[in-house]
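Please examine the structure shown below before reading on.

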Amino acid sequence: MLAAMNASLEITRRSEITRQSVRHRVRHHGGSLGLLLFSCLGGLIGFALPSSSWAADASPRPNIVWIMSEDNSKHYLRHFDARGVTTPAIELMASHGVTFDRAFSNAPVCSVARTTLITGCYGPRIGTQYHRRMAKAALPDGLQMFPAYLREAGYYTTNCSKEDYNATFDQAPWDASSRRASWQNRPSDDTPFFHVETFTDSHESRLHFKREFVADHVTTTSADTAAVPAYLPDTPLTQFTAAYYGDRMRVIDERVAGVLEALEKADQLENTFVFYFGDHGGVLPRSKGYAYESGLHVPLVVRLPDHYLDLVDRTLGERTTGFVSFIDFAPTVLSLAGVSVPKAMDGRAFLGVTAKRDEVDARNTTFGYADRMDEKYDFVRTVREGDWKYIRCFEPFMPDAVQNNYRMKMLAYQQWDQLREAGELDETTIRFFEPRRAEMLFDLASDPDEVVDLSADPNQASRLQRMRRRLSDHLKATHDLSFFPEAVLTESAMPDAAAFGRQNAAAIDRYIDTVNQCVMKAQDAKPALMTSLNSGDPWQRYWSLIAVSSAVLEPTTRGQWATDISLVKLLKRRMLDSEPLVAARAAEALALLKRQDPRPTLLSGLERAVSEPEALAILNIMAFFDQRASPTYAINPSEIKLSIEVGPKSEVQRRLDFFKQRAANALN
């Protein structure tokens, strides 16, 4: 298949000089003469000049195809990274299109990333930021999932086959969405189509192999040369895992070749914009589910069709370092299709008649977000500007390594933890299991693996403050809903989460300012926090407590918090709070100060919890203390009492199963 595609595309490549000459004359002679020349040539070879406004004439519209591979960052493809494998089909696409060297998922996990793609909106603004949502969010007023607009414009829209959206919709986005959905089923040969093809061959689950498989399987990619990131232990098992995943990317490349071959066979390749990209990053440990570059930086190549080259101001085979992210994909498809982009979308087109080349190439900023992944809560926000990356961990006392059952099915994760227990990790590779800094700053030009944190470097103090301010301004401007606990959002926000955010904008701003006190000097932060700990707003109290817990573990201020008797007394009073989540955070802070066993308050909070997300948040704190905190506070699962019913496959049940397994292991 790949050989046939190479041969057929070589014919296209050989005629490239002629096409470039025609385009050069058209673009540089201008006026009606140039347009007339191009229109006449188009008629001779069987296509018409596309219009920049499709409503103005009856010109055919381009087709658009998305090819998505699951769970792979850009690092596994040599086209993007010297450590990756060769991907001939994707590289051929790039020679007849554009490579986006800096393309990003805004979220490092599937359902959140896919919802960002289908809406063109930041997940935390519209309530779609939780992976394995407890409740779906209604879309904001004036917004539909973008394929619905294509359907209105006469497109046949198909999805094969994964959806996994965290939002509901009024207008169905797809004419067909299943494993059999295909653009080839459109009602007529003249019907333009938008088709999504998702390949699972690179999914995380492909690395859930057994030890016997490692012993028996020989990889095509050399395990000796497979690059292991600096944050992982460089063991034969990790090398094998990286090499095997390289083989999975070779399979993905064959799948891409098959899609292109089918389009060419149907004589549609030169009528179709073909996008190839990863649906988010992954998939070695500390990638999928984490807001590092390994979880967010994706490969993106767009093949440009000969018949619609005038829709894009690009030269075939070029690369750009302009930043694009998943919020931009929906506006880009609508722009290519000549459909107006709704104002409710957050993104901007990077191809099409509304995208200006110089402006796209100058883009240098992207924002990322990570929230709950399955049963594991986290709350991380990022901003990248050029080669600089700022990460804000809003629960930094919880390490990256807090248990996620699905992640830990991978042998490489299990071995990493075993090496930690054996004391065989170095200063870099053990960091995954330690508390994080509230703020982290990385120079990606010299440190692509994000292991050298420059947040405490006095030479970077002004940059740190500027990027902190940039991120805080963004969180406030988008009314980031995660500053309300998920339990509040599922109960009150989901009928119109974006409107809920706007209505509570002032409160969200206060919560952001409150929790950011943890990165201030202790003598400056304490007076404000002592006041907000007594606030009549429970979520102001909640974020004050998280700020205290965050500050307790900051190396420069740890001692100043631990010796404050008045603070300890106030925290003990907060353990009696009427809100179970606030009481749980107070117990957490006192335990981190080594002043209190948190388990009685946490167990009591579980009995008082009235919803699954409320119970799960408390269980997450318990998992942290059981597994990673110092000192640890092992949980006896027989003491856990819930006032709510939970399903056998719920996220709460996953946490309960974890405690049962931990207790069983302790007995063996």
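## The largest cavity

The lining of the largest cavity comprises 13 nonpolar, two polar and five charged residues. Here Ala, Val, Leu, Ile, Met, Phe, Trp, Tyr, Cys and Pro count as nonpolar, Asp, Glu, Lys and Arg as charged, and the others, Gly among them, as polar. A cavity is a set of points on a 1 Å grid over the protein atoms alone where a 1.4 Å probe fits but cannot get out, and lining residues have an atom within 4 Å of a point.

The largest cavity holds about 230 Å³ of space, a volume being the space filled by probe spheres set on the points, which are joined across faces, edges and corners. Its lining has 20 residues, with Tyr377, Glu395, Pro485, Tyr542 and Arg585 nearest the centre. Two or more lining residues come from each of helix 15 (486–492), helix 19 (538–552), helix 22 (580–592) and helix 24 (612–627). Helix 24 gives the largest share, four residues.

## Basis of the model

The model is predicted: local features need pLDDT of at least 70 and side-chain atom pairs count only at pLDDT 80 or more, while totals for chains, interfaces and linings use all residues. Residues are numbered from 1 along each chain as its sequence is written, and side-chain values use heavy atoms, with hydrogens and water left out.

Helices (H or I, at least four residues) and strands (E, at least two) are DSSP runs, numbered from the N terminus.

## Helix 19

Helix 19 has 15 residues and spans 21 Å from its first C-alpha to its last, close to the 21 Å expected at 1.5 Å a residue; the expected span is 1.5 Å times one less than the number of residues. Because 14 of its 15 residues are buried, helix 19 is largely enclosed by the rest of the structure. Buried means under 20% relative accessible area, exposed over 50%, and partly exposed in between (1.4 Å probe, protein chains only).

Two strands pair if DSSP finds at least two bridges between them. Strand 1 (residues 63–69) runs parallel to strand 7 and is joined to it by seven bridges, with serine 69 partnering glycine 278. Strand 9 (residues 300–303) runs antiparallel to strand 7, with four bridges; there, phenylalanine 277 stands opposite leucine 300.

How values were computed
On a 1 Å grid over the protein atoms alone, a cavity is a set of points where a 1.4 Å probe fits but cannot get out, and a pocket is an open set with protein on both sides within 12 Å along at least five of seven lines; lining residues have an atom within 4 Å of a point.
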